[in-house]
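Dear colleague,

Please find below the structure that I promised to pass on. My notes on its aromatic residues and on one helix pair follow it.

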Amino acid sequence: MTVLRPEFSEEAEIIRLQGGEMPEVSLFESLHQLKSAGLEPTDEELRLLESAAAERYMVIIRRDLDQASLPHSFFRGPQRAMVNLHRFRAFAARTGFAPADFLVEAGRMLLAYLEAEAAAVRSGRLFNTIGMNRQELENFTEELGLTGRIGRETMAEVFSVKTLGFEEATSAVRAELEERGVN
């Protein structure tokens, strides 16, 4: 096993924790900076950086499928999770990562998100925070292997109200929490 140079470990940590909304761009920026400093990555060091980018993709997808993220400014919602999942899958295909386990996890998270949205509508909420139309959501659920696992009633409830994009959803949920005295 090759000893990894600290510069590569540090860059991997930066990608993992601060890789932004496009981890692959962060990966390329790191590689450019390292190469400009005369540091050509070994195969193992390159794999470390790619792994950090893959982890960052998973972090931001989880964030956007987590109802607890809704009132926060970093929330982007299921629509962005779908976009990032497409990017992640393309990245994984190019770099040899197998995201199958993560796809199962993302599917469970989306299912929980939809069930929470349906419950909120049943409780009187006049909007959903899905950020996409029904066909887009059905395509996303199919991509995650959820075909037949989401009840028609759940979909009907979720789409019986106005669909908000992530910025509107964040504001609306904050207002909803303030009304209930929840911080």
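A residue is called buried here if its relative accessible area is under 20%. Please bear in mind that this is a predicted model. Both F88 and F102 are buried in that sense. F91 has a relative accessible area of 1%, so F91 is buried as well.

F88 belongs to helix α4 (residues 77–95) and F102 to helix α5 (residues 100–122), so the pair ties together parts that are 14 residues apart in sequence. F91 and F97 form a stacked aromatic pair, with 6.3 Å from centre to centre and 15° between the planes. Ring pairs link Y57, F88, F91, F97 and F102 into a cluster.

The axes of helix α3 (residues 43–64) and α5 come within 10 Å and cross at roughly 15°. Angles under 35 degrees count as roughly parallel, so α3 is roughly parallel to α5. Their crossing is left-handed. On the α3 side, M58, I61, R62 and D64 take part in the contact, and they meet F102, E105, M109 and Y113 in α5.

Yours sincerely

Conventions. Residues numbered from 1 in each chain as written. Predicted model: local features only at pLDDT ≥ 70, side-chain atom pairs only at ≥ 80, totals over all residues. Heavy atoms only, no water. Helix = DSSP H or I, 4+ residues; strand = E, 2+ residues; numbered from the N terminus. Buried < 20%, exposed > 50% of the residue type's maximum accessible area, 1.4 Å probe, protein only. Phe/Tyr/Trp six-rings, centres within 6.5 Å; stacked < 30°, edge-to-face > 60°. Axes fitted to C-alpha atoms, helices over the stretch in contact; angles between N-to-C directions. Parallel < 35°, antiparallel > 145°, perpendicular 65-115°, else oblique. Left-handed = near helix turned anticlockwise from the far one by under 90°. Contact = heavy atoms within 4.5 Å.
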